[in-house]
Amino acid sequence: SFVSLLVDIENGQPDENILKPVLNLLVGGVFDAENNFRIKDANVVLLILELAQYSSKSLKLAIWSQLAVILKCSLLNVQACTDKDLLSHCLSHLLLTNDNAVADKIVEVLTAVVSYNISVTGLRTLFTALQSIDVPQRNTHIWPQHASRLVHALRYITGKDSPDVFFSFNGAREAAVTIPPLAKWPTQPGFTIHTWIRLDPQPGVNMAVAKPFLYWFRTGKGFGYSAHFSAHTLVVTACSAKAAKGKPQTHQVAFPFQPRQWFMVSIVHTFNRIKANEVHVFVNGSLASRAELPFVTSKEPFDKC
């Protein structure tokens with residue numbers, strides 16, 4: 001129970017059996033590294049770090065290893081921990097440990113945080129931890145114990161493989177960027193939707209059923225354009241009153257969009273006067289798919305964007 005958990009921490013005698021109930025608190029249910037790993041209460045992260053202070057080496061390794069796994073599972077988890085200033089807590093624990101194995105795991109967590117985001121204050125804190133130590137007896141200065149590990153973590157600040165700025169949507173219905181209604185959609189010679197995307201599936205959610213949308217530009221009657229994911233397949237849709245009796249026409253892009261990877265996607269709708277209108281989909285700069293897809297014309301404003 002939560003009471004016994006606090007008693008164990010207070011007595012300074014936590015063992016490895018205590019980690020599972022703490023992780024359950026973290027995700028608001030039964031923790032599972034594959035199906036239920038999304039952080040629901042980031043305050044529990046602070047409790048976990050408090051627990052680590054009074055733990056044995058084996059439990060410390062288990063705690064920091066599990067934190068590293070949780071952060072790698074979801075960018076939303078990293079964001080939640082960043083909001084709780086996990087960087088400062090990692091540095092505090094790193095400076096207090098003399099065990100290299102534990103230090104490596106702490107730096108692994110630290111690296112996940114700094115590769116996602118680091119503030120000016122956080123960067124200053126990191127450089128402060130790298131300041132040399134004065135040794136008056138030897139009339140010299142020495143590097144802090146884990147300086148080489150911190151320098152290694154610094155490399156990930158500029159060497160990350162993700163955009164510097166991006167929108168992070170949690171999957172809620174209201175989580176979207178909306179634009180004002182468009183009186184008229186561009187028709188000639190066409191238009192392109194270009195973006196970077198990363199799929200970060202929610203635990204236990206079937207994407208084939210959830211169908212997260214990349215964009216939705218429709219009129220009040222449902223005519224227009226959209227694109228969504230079904231499982232790991234991108235489906236581009238055009239619904240025109242003049243084509244297929246107003247029924248949506250779709251095109252499935254034959255490209256495996258794997259979760260937790262960044263992709264550059266360009267969807268090009270081309271208007272042709274003589275031949276059929278087309279859509280071309282480029283992924284990471286290469287043509288992934290093309291198909292005939294109608295162009296949508298409507299006198300109604302596109303007010304669902």
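Trainee: What makes helix H6 roughly parallel to helix H8?
Mentor: The axes of H6 and H8 (residues 120-129) cross at roughly 10° and come within 10 Å. Angles under 35 degrees count as roughly parallel, over 145 as roughly antiparallel, 65 to 115 as roughly perpendicular and the rest as oblique. The crossing angle therefore makes H6 roughly parallel to H8. Axes here are lines fitted to C-alpha atoms, for helices over the stretch in contact, with angles from 0 to 180 degrees between N-to-C directions. Helices (H or I, at least four residues) and strands (E, at least two) are DSSP runs, numbered from the N terminus.

Trainee: Which residues make the contact of H6 with H8?
Mentor: Leu87, Ser88 and Leu91 of H6 meet Gly122, Thr125, Leu126 and Ala129 of H8, where contact means heavy atoms within 4.5 Å. By class they divide into 4 nonpolar, 3 polar and no charged. Ala, Val, Leu, Ile, Met, Phe, Trp, Tyr, Cys and Pro count as nonpolar, Asp, Glu, Lys and Arg as charged, and the others, Gly among them, as polar.

Trainee: What kind of model is this?
Mentor: It is a predicted model, in which local features need pLDDT of at least 70 and side-chain atom pairs count only at pLDDT 80 or more, while totals for chains, interfaces and linings use all residues. Residues are numbered from 1 along each chain as its sequence is written, and side-chain values use heavy atoms, with hydrogens and water left out.

Trainee: Why is H7 called roughly parallel to H9?
Mentor: The axes of H7 (residues 100-114) and H9 (residues 147-158) cross at roughly 20° and come within 9 Å. That angle makes H7 roughly parallel to H9. H7 passes H9 in a right-handed crossing; a crossing is left-handed if the near helix is turned anticlockwise from the far one by less than a right angle, and right-handed if clockwise. Among the residues that meet are Val107 and Leu110 in H7, with Leu150 and Ile157 in H9. The contact has 8 nonpolar, 2 polar and 2 charged residues.

Trainee: Why does the pair of Asp99 and Lys57 count as a salt bridge?
Mentor: A salt bridge is a side-chain nitrogen of Lys or Arg within 4 Å of a carboxyl oxygen of Asp or Glu. The closest N and O atoms of Asp99 and Lys57 are 3.2 Å apart, so the pair qualifies as a salt bridge. Asp99 lies in the loop between H6 and H7, and Lys57 in helix H4, 42 residues apart. The structure holds 6 salt bridges.

Trainee: How do you know that S4 and S5 pair?
Mentor: Two strands pair if DSSP finds at least two bridges between them. S4 (residues 213-218) and S5 (residues 224-230) have 5 bridges in the antiparallel sense. One of the bridge pairs is Tyr215 with Ala227 in S5. Ala227 also stands opposite Val236 in S6, and S5 and S6 (residues 233-239) pair over 7 bridges.

Trainee: What makes S3 and S10 edge strands?
Mentor: The open antiparallel sheet runs in the order S3-S8-S9-S10. S3 (190-198) and S10 (286-292) each have a single partner strand, so one side of each is left without a neighbour in the sheet. The twist averages 15° from one strand to the next. S10 pairs with S9 (residues 278-283) over 6 bridges, and Val279 has Ala291 as its bridge partner in S10.
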